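This report describes selected local features of a predicted model.

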Amino acid sequence: MTLSVFELFKVGIGPSSSHTVGPMRAAHLFVEHLRRSGELPRVAGVRCELFGSLGATGHGHGSVDAVVLGLAGEQPHLVDPVAAEPEVRTVREEHRISLGGEQKIAFSIADDIVLHRTGRLDFHSNGMVFEARDGDGVRIDRREYYSVGGGFVLDQDEAGRPVLVEDETPVPYPFRTGQELLAHAFASGLRISDIMLANELSWRTEQEVREGLLHIWSVMRQCVEQGSRTSGTLPGGLKVRRRANELRERLESTTDEHDALHAMEWVTLYALAVNEQNAAGGRVVTAPTNGAAGIVPAVLHYGERFLPSFSADAAVRFLLTAGAIGVLFKENASISGAEVGCQGEVGSACSMAAAGLAEIIGGTPEQVENAAEIGIEHNLGLTCDPVGGLVQIPCIERNAVASIKAITAARMAVRGDGKHHVSLDKAIKTMRETGADMKDKYKETARGGLALNVVEC
């Protein structure tokens with residue numbers, strides 16, 4: 001095992017983990033690299049080039065602003081979403097930036113951040129090149145970075161290795177496949193969440209794990225609360241109306257609990273609230289990505305509202321289980337829409353949420369694995385075709401639909417005996433192969449599917 005649950009669930013800002021969080025992290029890493037090498041005081045100019053999907057949809061996904069913020073010393077988990085826009089606006093107006101929050105240099109957003117709409121770097125479709133020059137225009141340093149999904153960033157030294165660099169910390173239950181995860185469960189008699197917790201204790205104390213996951217849960221709850229109480233239209237030009245606030249008001253005003261789909265409407269609300277916040281550049285949790293950030297919180301909120309036995313401990317076990325499934329996707333396929341389409345984002349999130357819910361409603365390890373498999377199997381082939389390059393259409397509604405799918409998958413699996421024909425490992429392998437066969441225009445480039453066929457107003 002090479003991943004912690006805290007690498008799958010990270011606090012950041014919208015609208016995209018790969019296009020906003022990743023570029024911000026890469027820009028920050030470049031400045032820190034210059035600082036460590038002792039070259040930062042010599043820098044008089046910085047240039048950034050975005051390639052592949054980043055170049056094609058960077059404006060709509062906030063990549064340009066993210067680079068500016070990262071160069072200015074901001075980090076995704078610490079930046080204030082409210083202050084971010086004025087900070088970028090100041091740089092745009094003054095044509096100067098405080099590199100690393102310290103020394104001011106000349107910087108033109110229009111000239112020094114270049115989006116290549118067709119070219120790409122060899123290693124990954126989300127590639128970036130940063131270059132620093134001195135006062136005479138002589139190059140000081142040049143570094144390549146790759147945003148590989150979920151906010152994960154690799155630099156040029158890591159790009160030649162496997163996407164996941166081995167963590168040599170020994171864990172009691174190492175696993176890379178669902179089969180290995182189940183084997184540990186059978187041999188130990190532990191639940192999936194117990195296995196993941198035991199591994200997490202290799203890095204942190206149990207109190208730290210619990211507090212960290214409850215913090216993640218609190219950020220998710222804050223996101224839902226804010227998103228469900230904000231009206232208006234989303235930025236970006238499509239004039240997409242925010243619907244979560246209106247839906248909340250309607251649900252709170254009705255006392256009819258006899259509608260069989262009453263719970264599902266609340267789940268829809270939760271997912272819409274998160275993804276509207278994400279589209280507006282608010283604070284969200286990558287779960288495992290920003291584009292799919294609403295599914296895990298929506299299903300967790302479903303548990304909190306409709307399961308009598310739900311507790312803080314249940315939330316922790318849910319996230320540990322979901323994290324274990326997320327490890328399998330990251331290890332064996334991808335969670336990057338630019339690499340495998342939206343099946344890698346919404347599909348993996350649906351699978352993770354289904355597994356988490358199955359765990360806390362009493363599912364056995366076999367039933368949890370079954371729930372995860374159902375969650376991804378019925379998202380196979382899902383394309384990433386954001387209209388206008390914005391994480392709005394069809395992304396927001398897609399999260400709501402996938403949240404319902406996750407709940408159905410969990411309940412279906414727990415009603416069964418865990419036996420099924422298609423294993424989670426085979427479904428993940430199929431997702432990887434389907435993504436490899438998928439044309440690039442369906443992988444977060446906004447050149448195919450709905451993005452091509454919907455006329456912007």
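Between strands β7 and β8 lies a hairpin with 5 residues between the strands, in which glycine 149 adopts a positive phi near 110 degrees. The two strands run antiparallel and are joined by 3 bridges, β8 spanning residues 153-155; one of the pairings sets serine 147 against valine 153 in β8. On its other partner, strand β6 (residues 127-133), β7 is held by 7 bridges, again in an antiparallel arrangement, with phenylalanine 130 standing opposite arginine 143 of β7. The hairpin of β6 and β7 likewise has 5 residues between the strands, and there glycine 137 takes a positive phi near 85 degrees. Strand β7 itself, residues 139-147, is mostly covered, since 7 of its 9 residues are buried.

| Ring pair | Centre distance | Angle between planes | Class |
|---|---|---|---|
| Phenylalanine 130 and tyrosine 145 | 5.8 Å | 80 degrees | edge-to-face |
| Tyrosine 302 and phenylalanine 306 | 5.7 Å | 35 degrees | tilted |

The pair of phenylalanine 130 and tyrosine 145 links strand β6 with strand β7, its members being 15 residues apart, and both of these residues are buried. Ring pairs also bring in Phe30, so that Phe30, Phe130 and Tyr145 form a cluster. Tyrosine 302 and phenylalanine 306, by contrast, both belong to helix α12 (residues 295-306), where they are 4 residues apart, about one turn of the helix. Tyrosine 302 counts as buried because its relative accessibility is 7%, whereas phenylalanine 306, with a relative accessible area of 27%, is partly exposed.

A further aromatic residue, phenylalanine 152, has lysine 10 over its face at 4.3 Å from the ring centre, and the charged end of lysine 330 also sits over this ring, 4.3 Å from its centre.

Glutamate 49, in strand β2 (residues 45-50), makes a side-chain polar contact of 2.6 Å with histidine 116. Leaving aside residues up to four places away in sequence, glutamate 49 touches Val114, His116, Gly127, Met128 and Val129.

Helix α8, residues 192-200, is mostly covered, with 8 of its 9 residues buried; among them are Ile192, Ile195, Met196 and Leu197, together with Asn199 and Glu200. The elements that cover the buried residues of α8 include α1 (5-8), α7 (178-188), α9 (206-227), α13 (312-332), α15 (346-360) and α16 (365-377).

Definitions and conventions:
Residues are numbered from 1 along each chain as its sequence is written. This is a predicted model: local features need pLDDT of at least 70, side-chain atom pairs count only at pLDDT 80 or more; totals for chains, interfaces and linings use all residues. Side-chain values use heavy atoms; hydrogens and water are left out. Buried means under 20% relative accessible area, exposed over 50%, partly exposed in between (1.4 Å probe, protein chains only). Contact means heavy atoms within 4.5 Å. A polar contact is a pair of N or O atoms within 3.5 Å; within protein, one must be able to donate a hydrogen and the other to accept it, and residues adjacent in sequence count only if both atoms are side-chain atoms. Two strands pair if DSSP finds at least two bridges between them. Rings of Phe, Tyr and Trp (its six-membered ring) pair if their centres lie within 6.5 Å; planes under 30 degrees apart count as stacked, over 60 as edge-to-face and the rest as tilted. A charge sits over a ring if NZ of Lys or CZ of Arg is within 6 Å of the ring centre and within 35 degrees of the ring normal.
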